Amino acid sequence: TIVVFGSINLDLVVEVPHLPVRGETVVGNRFFSATGGKAANQAVAVAKLGVPVYSIGRVGSDNFGKVLLENLQKAGVDTRGVTIDPDTHSGVASIVIDEYGDNAIACAAGANNLVREQELSDFQALLPQAKVILMELGIPLATVMEALKRAQDSNCTIILDPAPVKSKLPDEIYQMVDIITPNEIEASQLVGFTVDGITTARQAAFFLHQMGAKTVIITLGSQGAFCSTGEESYWVRPIPVKAIDTVAAGDAFNGALAVALAEGKSLKEAIQWGNVAGALTVTKRGAQSSLPHKESFLQLLAQ
Ligand code: ADP
């Protein structure tokens with residue numbers, strides 16, 4: 001089993017001819033809502049690959065919460081660890097996108113900000129059966145730290161996707177996770193210099209090892225991924241595809257990485273699985289809807 005602990009959100013998107021300036025009302029052409037939140041996306045990524053997965057998190061008692069919960073269930077995610085909060089709203093992101101694809105986003109974390117003791121005890125109860133744990137930072141950092149603490153004595157592999165990253169993380173966090181998977185922007189924020197490509201990824205990994213990180217995997221977008229275990233380091237080449245929309249590529253990568261490790265694959269192979277899932281995701285529009293199903297995943301993996 002894979003356990004994904006973190007944020008669950010609904011995106012409310014209005015497409016507009018131009019982004020509104022202060023005080024302006026812009027009439028949009030189209031509205032759609034999309035289920036998201038990094039952890040929810042990762043849970044769906046795992047479920048779509050056909051592997052049992054639990055989501056741990058919190059939604060509001062509003063209609064959005066219902067939509068979010070049903071969506072996870074429909075995808076095949078076990079939601080017994082998702083709490084419905086009676087007192088607050090679900091996490092939402094209000095997004096406007098203009099004709100050029102530029103956007104402005106306002107988020108309200110809502111229920112995600114109240115992820116605490118209840119979720120921690122649900123999480124702890126799942127530890128004996130978990131093979132891989134996926135965590136991210138869309139919930140309070142104190143909760144993430146406590147979850148990591150409780151998972152230390154379990155036999156599972158702990159993966160942390162350090163997103164959204166606000167600033168440097170507390171040093172203790174690095175020793176507490178087995179694998180950390182920043183993208184280039186997150187890696188840059190964690191180390192304090194620009195990470196862009198393999199050479200700087202190598203430098204960033206070295207830096208993160210010094211802070212206590214065990215295995216570092218930096219995803220490099222269209223350039224694949226760089227991995228450093230501290231003993232060896234290597235680049236895992238990307239799968240060449242025509243990218244249409246890169247949203248959720250990292251979530252697909254983390255989901256497939258977790259699935260491969262849960263199935264006993266080597267680290268290098270697991271990163272290849274991540275690259276395959278990421279590549280498939282960027283060939284389609286959307287977030288969860290673009291995450292690959294097992295069939296297309298296995299097909300590309302075999303090539
Ligand atoms: P995030 O979505 O978190 O910003 P990345 O952009 O680094 O993360 O993408 C995650 C992974 O998805 C990459 O490591 C790579 O395997 C795959 N990927 C992303 N963009 C492309 C692309 N244009 N072509 C092929 N693979 C891609």
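## Basis of the model

The structure is a predicted model, in which local features need pLDDT of at least 70 and side-chain atom pairs count only at pLDDT 80 or more, while totals for chains, interfaces and linings use all residues. Residues are numbered from 1 along each chain as its sequence is written.

## Around the ligand

There are 20 residues around the ligand, and T219, S222, A243, G250 and G278 come nearest; a residue is near a molecule if its C-beta atom, placed from the backbone, lies within 6 Å of it. Helices α8 (249-262) and α9 (267-282) each supply at least two residues of this shell, and the largest share, 5 residues, comes from α9. Helices here are DSSP runs (H or I, at least four residues), numbered from the N terminus.

The shell divides into 10 nonpolar, 10 polar and no charged residues, where Ala, Val, Leu, Ile, Met, Phe, Trp, Tyr, Cys and Pro count as nonpolar, Asp, Glu, Lys and Arg as charged, and the others, Gly among them, as polar.

## Helices α9 and α10

The axes of α9 and α10 (residues 294-302), which are lines fitted to C-alpha atoms over the stretch in contact, come within 10 Å and cross at roughly 120 degrees, with angles running from 0 to 180 degrees between N-to-C directions.

The contact (C-beta atoms, placed from the backbone, within 7 Å) is made by W273, V276, A277 and L280 of α9 and S296, F297, L300 and L301 of α10. By class, this contact has 7 nonpolar, 1 polar and no charged residues.

How values were computed:
Two residues are in contact if their C-beta atoms, placed from the backbone, lie within 7 Å.
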